[in-house]
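Hi everyone, thanks for coming.

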Amino acid sequence: MSEKLELTEIKNRVSALKMKIGRYFRAYRKAIGKTQAQLARELDVHPSTIARIENGNIFPQAHYLKYLSKCYLLNGDFIFPRDAGRALPGGDGYLKNSIE
């Protein structure tokens with residue numbers, strides 16, 4: 001019974017992490033002024049992929065984050081924020097205010 005409970009807890013934590021990353025991903029997309037369709041074209045994915053990331057159904061692929069880092073100065077605070085406002089160039093606090 002304990003193993004089943006642990007597995008359920010792990011699944012719950014993964015789900016919560018997907019949701020949190022999805023919120024950050026959406027906030028960042030909006031901060032760079034892109035629609036889901038525009039970002040999907042840039043990443044060469046279907047717009048539903050962007051929606052699935054933002055809704056917490058899937059994790060973003062590493063190369064999506066690498067692309068955003070290269071083109072839009074996304075930094076590591078995006079995924080593991082200590083201060084979410086620093087994830088944007090200029091650190092204006094937009095992300096922190098957008099997701100909380």
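A quick word on the ground rules. This is a predicted model, where local features need pLDDT of at least 70, side-chain atom pairs count only at pLDDT 80 or more, and totals for chains, interfaces and linings use all residues. Residues are numbered from 1 along each chain as its sequence is written, and side-chain values use heavy atoms, with hydrogens and water left out.

So, what is the secondary structure of the protein chain? There are 5 helices and 0 strands, and from the N terminus on the elements run α-α-α-α-α. Helices here are DSSP runs of H or I with at least four residues, strands are runs of E with at least two, and both are numbered from the N terminus. Of the 100 residues, 33% count as buried. Buried means under 20% relative accessible area, exposed means over 50%, and partly exposed is in between, using a 1.4 Å probe and protein chains only. Now for contacts, meaning heavy atoms within 4.5 Å. Among contacts with a separation of 6 or more, 53% come from residues 24 or more positions apart.

Let's look at helix α1, residues 2–31. Its 30 residues reach 43 Å from the first C-alpha to the last, close to the 44 Å expected at 1.5 Å a residue. That expected span is 1.5 Å times one less than the number of residues. Which residues of α1 are buried? They are Ile-21, Gly-22, Tyr-24, Phe-25, Ala-27, Tyr-28 and Arg-29. Lys-20 also lies in α1, but Lys-20 is partly exposed, with a relative accessible area of 38%. After α1 comes Gly-33, with a positive phi near 75 degrees.

Next, packing. Two packed helices are described by the angle between their axes and the distance between the axes. The axes are lines fitted to C-alpha atoms, for helices over the stretch in contact, and angles run from 0 to 180 degrees between N-to-C directions. Under 35 degrees counts as roughly parallel, over 145 as roughly antiparallel, 65 to 115 as roughly perpendicular, and the rest as oblique.

The axes of α1 and α3 come within 7 Å and cross at roughly 125 degrees. That makes α1 oblique to α3. On the α1 side, Lys-18, Gly-22, Arg-23, Phe-25, Arg-26 and Arg-29 meet Ile-50, Ile-53 and Glu-54 of α3. This contact divides into 3 nonpolar, 1 polar and 5 charged residues. For that sorting, Ala, Val, Leu, Ile, Met, Phe, Trp, Tyr, Cys and Pro are nonpolar, Asp, Glu, Lys and Arg are charged, and the others, Gly among them, are polar.

How do α2 (residues 36–43) and α3 (residues 47–54) pack? Their angle is about 110 degrees, with the axes 8 Å apart. That makes α2 roughly perpendicular to α3. Gln-36, Ala-37, Leu-39, Ala-40 and Leu-43 of α2 touch Pro-47, Ile-50, Ala-51 and Glu-54 of α3.

In the loop between α2 and α3 sits Asp-44. Its phi is near 60 degrees, a positive value in a residue other than glycine. For context, most residues other than glycine have a negative phi. Asp-44 counts as exposed, at 71% relative accessibility.

Turning to α2 and α4, their axes come within 11 Å and cross at roughly 100 degrees. The two are therefore roughly perpendicular to each other. Leu-39, Glu-42 and Leu-43 in α2 meet Tyr-64, Tyr-67, Leu-68 and Tyr-72 in α4.

Finally, back to α3. Its buried residues are Thr-49, Ile-50, Ala-51, Ile-53 and Glu-54, and they pack against α1, α2 and α4 (62–72). Just after α3, Gly-56 takes a positive phi of about 80 degrees.
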